[in-house]
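Welcome! Here is a short tour for someone meeting this structure for the first time. Please take a look at it before reading on.

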Amino acid sequence: MGPARRQPIDVTRLRPTAEEWQQLASAHPPPALNFLRAALQDDGLVEYSAESFATATGAELSESMAILEAVANLGIFSLHDRWACNCCNEDLEESQAEGNVCPHCGSAFKDCVGHSPSRQRIYSRVAAIGRDPSWVLVVHGMNTTGRWQEELSWLCATTYNRSLPVFIYKYGKVRPGAILKWRQAKLAQQLSEKIDYLSSAYGATNDPRPDVIAHSLGTLLLGRALNEDRGIQVGRVILAGSILRPDFDWNQLIERGQVEAVLNHCAEKDRWVPIAPLVIPGSGPSGTRGFLPGGVVHRQELKFGHSSFFGGAVMRQVYKEVWDRFLSQPRSRHSELSLGNPRPWRPLPALIPLAVRILLLAMVCLVVLTGLISLIVGFKVLIS
Amino acid sequence: MVLAQGNLFIKELLRAKGLPIGSTKADFTAHMLDAIDTGALTEADFEAWLQRVEGWGDQHIYLYRWKEKEGRAWEDASAVRERVKAAGLLNAWEASSSLAFPEDLALTGIYFRDRRLRVVWHQGSQSMVRDTSRDFEEEVEGDRYEFRAYRERSERAVMRFDLRCDEKVAGAFLQVPISSDAHRPALEKMMGTVESLLGVGTLKIIDVAKLIRGLDQAQLKEGASFSTQVARWSGPGAYVEFGADSPSGRYRDVEAIRELRLAMPPTVTGTTAKMTFEAPGDEGPARQVRAQLYARDHRIWLGSQMTEGQVWALLDVSRST
């Protein structure tokens, strides 16, 4: 075996392209190649010697070496030699292997089996390690109890090779109450208290910070909770159908250590997000426009509506291809999830949403008054 | 004694004094002898340097929590001296650094500075090291013989007990091999002397199983200054081991293995671990050092020569998890 060949390594390349895999498949047996393909899908270190790869795949040693060399020639693997003393089996640095005596056991290499240290060629793909979500908090929107949360909970629980706790936060159906500031504040406070309680309970032996998946009104409650309670810390946040204002400053929360990273998953055909500011105080169309201060991974789905994320097969695909990757891949790979750009936004003049809310309130009062009058008149008629 | 220290540390001494270094131990020797002749290196320089590097690293460590019973007895050096006197050990109090090679383990110094107590023992020993450059073959009475050479080397083992009063932590540091019959008696001799100074029952050994769990858990995430190469975990009647193929590797870098480790319940106990730490460069030559932790006898073994500051930095990191 000659000296390790130094391949030009492209540190941004973690795995062969689809075309390269096809080319490799034409020259190498599928089982071993598919095994390697699956291994390279993972983040972090992937390392084999020809012997260990042959053991893992059942392939012949020569085949294993050929596959590893072929992938190395693409610049995916770096090569180095690993040395070991044949007397004590301890590993040696190259400079130690060039000496005469083992620094671990004191034996002369020439006194050991083979009369010299053993040498093994190693193929390594080094990449940033993935992230391990600790637990997930799911917060639904208004006017729904969020049946999709059950499906999402199942997806989270079955994606990893370990149990991933999911807490579905339910705050009931909120219809007219959403337009009342005091009701919003109360809901945000309750959410904050729940996060605090669960983090303390779970944090004794685990990372206490939850990753959060929030939809619609849930996004507004989450944003308020984080802003109003600096003690709250979460991990990564996924927003779907977000009704936070596009000028909401996620950067500040990230710098304060309250939030690790944010994915704003936007829906181009969302009809409800653009009208939320007219009705719900403090809200805005970030679920269609994006966030302006930046610091957020922006992904715009051109065919999605307000709740398109949660339909059956679509949700499974969204979870696998976007949300799980956002939660578990290193941050250096988040740019792969970006699609589109945030759009400019200016808030409506304050009088317009105020007028709409007053009108709504007036209509509600009229309905209630009409109902009361009808009740009184009907009662009088009954008595007379 | 100086040449018995690692090359890295000898070079550090020469560099610190602004002396020429060289590339081989022969160069170091020559430059050091020149420096002694010219007075550039004094006995005080050697003593201070030996205190810092001799007997640190390549040793077994037992860590203790200290329960201070008589606060005022540890306020200052004069109070400590009285305790040393009461224990009948005054001849070792503030003794100048020993350069002796006693045949049996001997108490050579007791020191108290900056609210830190240090008790030191030394023992000389001889070992045979393989030297292939002196091998030769010879024909004797018609038969060919190969003669393999070993060179006798004199060494000095240092044993220390360090008590840090403010942090309420202590460490017993031994260079006696664990496989040697002398290890346990040496530790018992040390603790006997220590108890005569500190009192009985003031030291509680730190549970290394908890250290293994804390360190291994902390290194699962990116950013830790240490990592686990191999860790073995035991349950009631079975065990599992997580390890990297490479001696400098980290098993946590392999996603599939890391996920398995995350699935491990807290009831499983760490029994042994091999870890790699970054020894801080401001305390000595910056390098990666290997430590092995053994829960059964609550022992830590450091496999590289280090400085005093580096050893304590590593122990502080371990305790902080």
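## How confident is the prediction?

Within chain A of this predicted model, strand S8 (residues 236-240) has the highest confidence, at 97, while helix H6 (residues 148-159) has the lowest, at a mean of 83. That confidence is pLDDT, the predictor's own score for each residue, from 0 to 100. The helices (H or I, at least four residues) and strands (E, at least two) are DSSP runs, numbered from the N terminus.

Chain A averages a pLDDT of 88, and 93% of its residues score at least 70. For chain B the average is 86, with 94% of the residues at 70 or above. Residues 1-7 of chain A stay under 50, and the model has 20 contacts for them beyond four places in sequence; a contact here means heavy atoms within 4.5 Å. The model scores ipTM 0.74 and pTM 0.78.

## Where the two chains meet

Let's turn to the interface. Chain A brings 24 residues to the contact and chain B brings 22. Together they bury about 2000 Å², of which 46% lies on carbon and sulfur atoms. Buried area is the accessible area (1.4 Å probe) that two parts lose on being put together, summed over both. On the chain A side, A:Leu45, A:Ile129 and A:Asp132 supply 28% of the area buried against chain B, more than any other three residues.

There are 4 salt bridges across this interface, each a side-chain nitrogen of Lys or Arg within 4 Å of a carboxyl oxygen of Asp or Glu. B:Asp135 pairs in this way with A:Lys110, their closest N and O atoms lying 2.8 Å apart. By class, the side of chain A that touches chain B has 12 charged, 6 polar and 6 nonpolar residues; Asp, Glu, Lys and Arg count as charged, Ala, Val, Leu, Ile, Met, Phe, Trp, Tyr, Cys and Pro as nonpolar, and the others, Gly among them, as polar.

How many disulfides does a search of the whole structure find? Over all chains there is 1, counting cysteine sulfur atoms within 2.5 Å as a pair. It joins A:Cys87 to A:Cys112, with an S to S distance of 1.9 Å. The link is left-handed, with -110° about the S-S bond.

This pair links distant parts of the chain, 25 residues apart. A:Cys87 sits in the loop between strand S2 (78-84) and strand S3 (91-92) of chain A, and A:Cys112 in the loop between helix H5 (94-97) and strand S4 (118-125) of chain A.

## Reading the numbers

Residues are numbered from 1 along each chain as its sequence is written, and chains are lettered from A and ligands numbered from 1 in the order in which they are written. Local features need pLDDT of at least 70, side-chain atom pairs count only at pLDDT 80 or more, and totals for chains, interfaces and linings use all residues, while side-chain values use heavy atoms, leaving out hydrogens and water.
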